[in-house]
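User: I am new to this structure. Please show me how to read its features, one at a time.

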Amino acid sequence: MNRRLLLSAVAAASVLAITGCAGPYTVSADVSSYGNWPADRKPGTYAFDRLPSQQQSEEAAKRQEILENAAKAALEKAGFKPAADAKSADVLVTLGARVTAYDPVPWDDPLWWRWRGRLLSPRYGYAPGWGRFGWRQDPFFDRRYDRAVAVLMRDRASGEALFETHASNEGFTAGGESTISTLFDAALAEFPKVEPKSHRVSVQAIR
């Protein structure tokens, strides 16, 4: 199969994958959690608490509002209900998120853990274009994105931190609000269980 046919086959397979994946699908994330949520304490009402850096400008406030909207469903699945205002809430919830892009480099090697290399690479003899490596000339050149969210719950009355959780995964796109929302689902899927060691959690999402 020549190069043009190979690329056409890949493109066709991508279209089939997109059109054939409507409906529920499974998303996995690496999750770790910390804290000391009381065994006899039930989920109650919550209100979002923004750090000074999360409200220093109108743009920062809008970003935080998007995060809060993405986390609401996950909090409700965990048993929490929104409070009328922050002063009456049982817990205050602080949110964070980040998306980091990584470009593969000519010396990517699949022997290393979590390899981000390309299907065709100098390691396997494909090297047209830029020098001997053909880096960005490679049709299978891709960028990987690490997506991560964090949730911190504090008792409103005492200010004590009760529960903290982090969830992350990676993919070929930065994702959007639905991706962040699914990561919040994974982060709170095991609440109030605490497991500091990073482990895989799978949740259902809707495409």
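User: What should I know before I start?
Analyst: This is a predicted model, in which local features need pLDDT of at least 70 and side-chain atom pairs count only at pLDDT 80 or more, while totals for chains, interfaces and linings use all residues. Residues are numbered from 1 along each chain as its sequence is written, and side-chain values use heavy atoms, with hydrogens and water left out.

User: How do I read a sheet, and what is the order of the strands here?
Analyst: Strands of a sheet pair through backbone hydrogen bonds, either parallel or antiparallel. Strands (E, at least two residues) and helices (H or I, at least four) are DSSP runs, numbered from the N terminus. Two strands pair if DSSP finds at least two bridges between them. Here an open sheet of 7 strands runs β3-β2-β4-β5-β6-β1-β7, with mixed pairing. β3 (81-82) and β7 (199-206) stand at the edges. Each has a single partner strand, so one side of each is left without a neighbour in the sheet.

User: Which strands pair with β6, and over how many bridges?
Analyst: β5 (144-155) pairs with β6 in the antiparallel sense over 10 bridges. β1 and β6 are also antiparallel, over 6 bridges. Look at F163 in β6: M153 is its bridge partner, and G35 stands opposite F163 too. S32 has H166 in β6 as its bridge partner.

User: How is a pocket told from a cavity?
Analyst: Both are sets of points on a 1 Å grid over the protein atoms alone. In a cavity a 1.4 Å probe fits but cannot get out; a pocket is an open set with protein on both sides within 12 Å along at least five of seven lines. Lining residues have an atom within 4 Å of a point. Points are joined across faces, edges and corners, and a volume is the space filled by probe spheres set on them.

User: Where is the largest pocket, and what lines it?
Analyst: About 390 Å³ of space lies in the largest pocket. Of its 15 lining residues, Y25, R147, G171, T173 and T179 lie nearest its centre. β1, β6 and α3 each give two or more residues to this lining. The largest share, 4 residues, comes from β1. By class, the lining has 4 nonpolar, 8 polar and 3 charged residues (nonpolar: Ala, Val, Leu, Ile, Met, Phe, Trp, Tyr, Cys, Pro; charged: Asp, Glu, Lys, Arg; polar: the others, Gly among them).

User: What about the second largest pocket?
Analyst: The second largest pocket holds about 230 Å³. Of its 14 lining residues, R63, Q64, L67, A97 and R98 are the closest to its centre. α2 (58-77) gives the largest share of the lining, 5 residues.

User: How many cavities of 30 Å³ or more are there?
Analyst: The search of the whole structure finds 1. Its lining includes V31, F163 and K193. β1 (24-35), β6 (161-171) and α3 (177-188) each supply at least two lining residues.

User: Is D185 buried or exposed?
Analyst: Buried means under 20% relative accessible area, exposed over 50%, partly exposed in between (1.4 Å probe, protein chains only). D185 lies in helix α3. D185 is buried, because its relative accessible area is 12%.
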